[in-house]
Amino acid sequence: MQHFSQKVLNRFGSKVDFKYLENGQLDHNVCWEWKSSKNPNGYGTFWYIKSSILAHRFAYEAEVDDIPYGLEVCHSCDNHACVNPSHLSPETHDVNMKDMVNKNRQSQGDNHKKSVLTNENAKKILINVYNGEYKSISQIKKIYGVGKTTIVDLLHGKNWKPIVKEIEDLLKIPVIDLYYMVAKPRMDDDMINYIRELISQGQSASSIARQLGFARNTISNIKKCISWAEVP
Ligand SMILES: [Zn+2]
């Protein structure tokens with residue numbers, strides 16, 4: 001079990017709508033909803049050590065146990081905003097998917113019967129990358145049992161185009177941004193141009209550095225044309 005400082009726990013607790021019994025004790029049976037910011041899927045998000053993490057995952061790690069590597073934390077109550085640890089359990093992706101399909105939350109129908117990565121999984125990967133659930137492409141590869149190229153193509157919008165379009169419309173970001181969230185950063189001409197584009201959009205060096213996993217100075221130097229100036 002992870003030990004978070006009391007200060008962090010207090011900050012977390014101040015964002016939870018705890019429910020109490022008549023005797024004043026916490027009611028562990030009902031949902032405790034997240035009152036603060038949520039991602040487009042309705043999951044609470046919490047700022048912790050310079051990154052935005054999922055509130056229900058934090059609640060589980062703070063109150064119950066570490067989340068085994070690669071597992072997702074599922075809601076037995078099906079309420080994404082809920083952070084009551086008694087409604088949370090770590091499950092493999094497959095179990096979570098079956099549960100989702102049973103509950104009809106995911107759209108049905110898959111026209112790519114032959115592809116290893118189903119439409120549902122493609123969508124799930126994009127959403128989970130956005131939610132910060134994966135640290136690397138290799139991790140995604142392991143969970144879904146598909147090749148690296150499959151994931152890279154998906155995150156470049158080369159395949160599963162209807163799904164990619166749907167997710168881009170939903171998240172209001174190009175799918176390539178998701179690629180940079182999990183790809184090991186490599187400074188090449190493409191990356192330089194992408195960074196310059198973000199700079200021209202007015203994003204700060206520290207924000208860009210955080211998103212892409214570079215040092216802030218690296219970004220500042222690109223901004224000031226101290227480094228990589230030769231890239232057109
Ligand atoms: Zn709940």
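The crossing of α10 and α11 is right-handed. The model on screen is predicted.

Start by selecting residues 205-212, which form helix α10, and residues 216-223, which form helix α11. Two packed helices are described by the angle between their axes and the distance between those axes. Here the angle is about 125 degrees, and the axes lie 8 Å apart. Because of that angle, α10 counts as oblique to α11.

Next, show the residues that make the contact. On α10, pick Ala205, Ser206, Ile208 and Ala209. On α11, pick Arg216, Thr218, Ile219, Ser220 and Lys223. Which classes of residue meet in the contact of α10 with α11? Four are nonpolar, three are polar and two are charged.

Now move to the largest nonpolar core, which has 18 residues. Select Ala122, Ile125, Leu126, Val129, Ile140, Leu154 and Val175, the members that touch the most other members. Then colour the elements that give two or more residues to this core: α4 (119-130), α5 (137-144), α6 (148-155), α7 (161-171) and α8 (175-182). Which of them gives the largest share? That is α4, with four residues.

Leaving aside residues up to four places away in sequence, Val175 touches Leu126, Leu155, Gly157, Val164, Ile167 and Glu168.

For the last stop, select Ala55, Ala59, Val73 and Ala81.

Methods: Residues are numbered from 1 along each chain as its sequence is written. This is a predicted model: local features need pLDDT of at least 70, side-chain atom pairs count only at pLDDT 80 or more; totals for chains, interfaces and linings use all residues. A nonpolar core is a set of buried Ala, Val, Leu, Ile, Met, Phe, Trp, Tyr and Cys residues joined through C-beta atoms within 7 Å. A residue is buried if 20 or more other C-beta atoms lie within 10 Å of its own, exposed if 12 or fewer, and partly exposed in between; C-beta atoms are placed from the backbone. Two residues are in contact if their C-beta atoms, placed from the backbone, lie within 7 Å. Axes are lines fitted to C-alpha atoms, for helices over the stretch in contact, and angles run from 0 to 180 degrees between N-to-C directions. Angles under 35 degrees count as roughly parallel, over 145 as roughly antiparallel, 65 to 115 as roughly perpendicular and the rest as oblique. A crossing is left-handed if the near helix is turned anticlockwise from the far one by less than a right angle, and right-handed if clockwise. Ala, Val, Leu, Ile, Met, Phe, Trp, Tyr, Cys and Pro count as nonpolar, Asp, Glu, Lys and Arg as charged, and the others, Gly among them, as polar.
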